[in-house]
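Please look through the sequence and the three-dimensional structure shown here, and then read on for a short report on some of its charged pairs and one of its sheets.

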Amino acid sequence: MHFRSMENGRASFPFPYKPYDIQEQFMKALYSALDQGKVGIFESPTGTGKSLSLICGALSWLADYEEKRRQEATALLQEGEASLSASAAPSSSSSSASAEPDWITDFVQKKAERDLVSKLKEEELKRKKREERMEMIRNNLHLKYASKRKSCEEDEAFKLLQLSKEEQTGTPGDQEDEELVVAEYESEDESKSKSRFFGGEDEDDEELVEEHVTKIYYCSRTHSQLAQFVHEVQKSPFGTTISLVTLGSRQNLCVNEEVRRLGSIQHINDRCMEMQKNKHEKQHHEDGAKRKRGPPKTVCPYNKALALQQMRDEVLGTVQDIEQLLKLGKETKACPYYSTRLAVPPAQLVVLPYQMVLHEATRRAAGVQLKGQVVIIDEAHNLSDTLSCIHSAELSGAQLCRAQSQLTQYADRYKNRLKAKNLMYIKQILFVIEGLIRVLGGKVGQNPQSQTTQAGTEMYTINNFLFKAQIDNINLFKLQRYFEKSMISRKLGGFVEKYAGTGVTLHTHSSSNKENRRTEGLNRYLQALNSNPSSTPVPSADQQGASEADKVLSASPMMQVEGFFLALTNSNTDGRVVLQKQGTLSESSVKFLLLNPAVHFAQVLKECRAVIIAGGTMQPVSDFKQELLFSAGVKEERITEFSCGHVIPPENILPLVLCAGPSGQELDFTFQNRDSPQMMDETGRILSNICNVVPGGVVCFFPSYEYSRRIISHWEASGVLIRLGNKKKIFQEPKKANQVEQVLNEFSRCIQRSAVDSSGGVTGAILFSVVGGKMSEGINFSDDLGRCVVMVGMPYPNIKSPELQEKMSYLDKHLPHSHGKNPGQALVENLCMKAVNQSIGRAIRHRGDYSSIVLCDRRYARPATLAKLPAWIKNRTSTHSSFGPAFAALRKFFLEKKQKRE
């Protein structure tokens with residue numbers, strides 16, 4: 001299909017069905033934002049088909065952009081060739097004024113023209129090759145060759161796997177620890193210090209290194225959101241023509257069962273990297289290099305260049321989500337993790353989690369290049385918090401003591417094999433760790449659980465903290481580079497894993513026999529666990545939790561230490577260090593808090609051609625712009641905003657603000673008043689009335705877990721719960737995340753049963769949930785699951801939290817004041833209203849849906865607060881100072897809907 005392009009955008013867009021007006025507007029606004037290289041803030045409520053609008057708008061722009069570039073290149077090429085042939089004719093004009101002879105000027109000019117023409121021809125050739133390759137992939141012309149190659153390789157790979165398993169049982173020699181010893185390190189010489197894991201590419205792999213085509217990076221918070229997006233792409237008109245690749249971590253994409261079984265992401269990464277290194281060493285030995293003695297090392301059978309290339313082609317040929325990638329990886333005996341990375345340069349759409357775009361080191365490792373590309377950040381309502389979390393770091397006293405003990409033992413064991421430069425850096429790392437232990441009030445080399453500390457919280461700027469810990473004389477930037485290049489964290493991880501339970505202590509200093517005895521029991525216990533897996537009974541959930549803790553205990557915390565060191569290299573004013581002393585050293589912690597997320601977002605904004613920040617509820621936008629965009633150096637003229645209403649008709653939503661309850665009690669859930677029995681009883685009466693008239697499901701949000709626990713136990717004692725239970729079956733948000741699915745399924749089944757048969761008097765179910773909890777984001781209460789959403793009080797964050805206070809004072813100092821409010825106070829209100837908007841936005845999920853929203857607190861009636869609700873809710877909200885009229889409106893709303901359905 002060809003769609004006419006307009007000067008200022010597109011007249012129409014390919015779409016799987018006739019788009020709503022707001023989807024048309026969304027796509028046009030998106031198209032022009034991408035075309036003009038803007039930073040766009042796009043708000044489109046859930047249920048309005050935001051994903052499809054993003055896909056069809058952005059991919060239409062990409063197709064037009066590629067076509068335009070192709071036409072420009074062709075025109076330039078023709079022009080260049082014409083000018084060359086014209087200049088080939090003898091030139092009669094001569095310029096005597098020029099200092100250089102004519103033939104020199106002519107020669108220089110012709111050379112420049114020839115260079116340009118050959119460069120354009122080369123680019124044209126590359127482009128054609130790329131297109132032909134994609135065509136071939138799509139037509140599966142390579143399948144015959146691939147299947148033949150596959151069957152040969154399969155046998156070879158699995159023979160190799162068996163062989164490596166058998167050989168692993170060989171006796172270890174002294175050379176066996178070779179992989180644990182840090183390679184020689186020269187800090188100033190970059191070329192010598194290149195990581196040995198990522199040695200030069202093999203000759204065969206050279207063709208895999210290719211330039212990045214113009215592409216769109218789409219990122220979201222969770223893997224399920226990414227999978228949902230991929231399914232939308234598959235359904236769109238671009239589903240068969242776009243080359244899309246989904247990126248994930250090794251934990252998500254590994255298909256080697258032996259490695260997957262390791263469970264923790266750190267163990268999986270370490271094992272995979274080790275197998276990579278073994279692969280490169282194996283190739284090196286095959287090339288005739290002398291092999292050191294010791295048992296052969298395992299290489300991953302899924303990491304073969306040909307199989308990876310074949311899978312990469314299949315990934316580019318058909319759109320696939322992570323589940324499909326894993327299935328394909330197992331079938332083709334190829335690693336999805338490495339195949340997808342190979343597919344990034346030629347892909348047009350790359351789908352990946354936040355971390356891989358927003359965190360520079362992760363970005364580099366994933367091969368993501370942002371220069372001149374487009375980034376779409378979806379579900380971006382919490383972007384500022386996400387950036388802060390990704391770049392913050394925390395270390396407990398227990399972790400610091402373990403790292404200190406393990407690194408000391410590592411240095412002792414290999415002191416004769418480590419070069420002086422390495423020993424010097426390891427001593428510096430130990431010096432910093434010991435400084436951190438002391439600053440928490442602990443003593444180095446003693447069991448952290450038996451050391452008591454004075455409880456309390458202290459806050460420091462980075463420089464003051466370095467002085468306090470007496471580590472200000474250490475160059476953390478050099479240490480950071482050493483961590484990166486020497487991979488000491490991985491080596492230490494391998495060392496601990498190998499020697500845990502053989503005299504290498506996990507907790508404390510090994511130099512004293514007394515300390516060795518103290519951890520001997522633990523070592524024996526861990527050894528017993530390792531040596532006798534078959535006799536252990538099936539563990540309960542609690543036992544599983546305990547064994548998880550053992551896994552964490554036996555792992556090396558050096559990765560976290562490295563992360564904390566990196567955090568300390570931030571600029572002094574951009575962050576704070578929080579010391580939290582909790583009574584014992586092991587529970588105390590030192591935490592880096594990023595106060596200025598804009599510093600890390602600035603690079604993304606600077607490198608990208610355009611950045612689109614999209615979400616269902618982006619309100620309030622002004623502070624978002626101030627904190628993340630203006631602070632990152634983005635000018636007002638580069639920012640474009642788009643906000644649309646909902647697709648539902650106005651009569652399908654009934655938002656009410658309740659200022660008083662049925663008995664006339666004023667609803668004021670401030671911290672001082674909310675615990676009064678009158679307030680709790682009145683809330684119970686409101687819910688009883690609501691449950692009498694609302695069919696199906698009611699979802700009730702409380703401001704915190706603590707308040708939810710208190711009010712429910714009060715209702716239990718006063719009989720309110722029994723009254724509620726007569727009308728609606730009661731469900732509560734579970735404490736554990738893995739139980740959420742089960743509770744939701746039961747909640748849903750109960751509502752479906754009641755819809756068919758309500759003879760027992762039960763008309764549905766009520767779910768007690770918490771704002772910002774497991775049920776307030778990413779879960780849809782569509783149709784009968786959420787006919788009424790009740791918000792009890794206003795979920796303000798804990799104002800006494802030292803972290804929040806520091807963030808408020810930082811904003812007050814660095815951001816301009818607006819509307820007579822200081823930025824710190826505005827932050828607190830915005831955090832509260834963002835949380836409210838997220839929770840109440842769960843109810844309406846599609847055009848035919850209908851729901852009521854009841855905001856129980858007189859403070860919601862304030863104009864400034866109402867203004868922060870999404871426009872499509874705010875415009876339909878009515879405020880009621882007494883309960884009667886509000887209840888009448890609610891009853892009428894559901895009666896009308898019932899009559900319509902009948």
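With which residue does D857 form a salt bridge, and how far apart are the closest N and O atoms? The partner of D857 is R859, and the closest N and O atoms of the two are 2.9 Å apart; a salt bridge here is a side-chain nitrogen of Lys or Arg within 4 Å of a carboxyl oxygen of Asp or Glu. D857 is buried, with a relative accessible area of 0%, and R859 also counts as buried, at 10% relative accessibility. In these terms, buried means under 20% relative accessible area, exposed means over 50%, and partly exposed lies in between (1.4 Å probe, protein chains only).

The model is predicted, so local features need pLDDT of at least 70 and side-chain atom pairs count only at pLDDT 80 or more, while totals for chains, interfaces and linings use all residues. Residues are numbered from 1 along each chain as its sequence is written, and side-chain values use heavy atoms, with hydrogens and water left out.

**Salt bridges**

| Pair | N to O distance |
|---|---|
| R312 and D313 | 3.7 Å |
| D668 and R858 | 3.5 Å |
| D857 and R859 | 2.9 Å |

D668 lies in the loop between β14 and α25 (677-693), and R858 lies in the loop between β19 and α31 (863-866), so this pair ties together parts that are 190 residues apart in sequence. D668 counts as buried at 10% relative accessibility, whereas R858 is partly exposed, with a relative accessible area of 34%. R312 and D313 are both buried. Elsewhere, D675, E706, R709 and R710 are linked in a network of salt bridges.

**The sheet**

Helices (H or I, at least four residues) and strands (E, at least two) are DSSP runs, numbered from the N terminus. Seven strands form an open sheet with parallel pairing, in the order β16-β17-β15-β18-β19-β14-β20, where two strands pair if DSSP finds at least two bridges between them. At the edges stand β16 (728-732) and β20 (878-880), each with a single partner strand, so one side of each is left without a neighbour in the sheet. Within the sheet, β14 (residues 653-658) and β19 (residues 851-856) run parallel and are joined by six bridges, and the bridge partner of I653 in β19 is S851.
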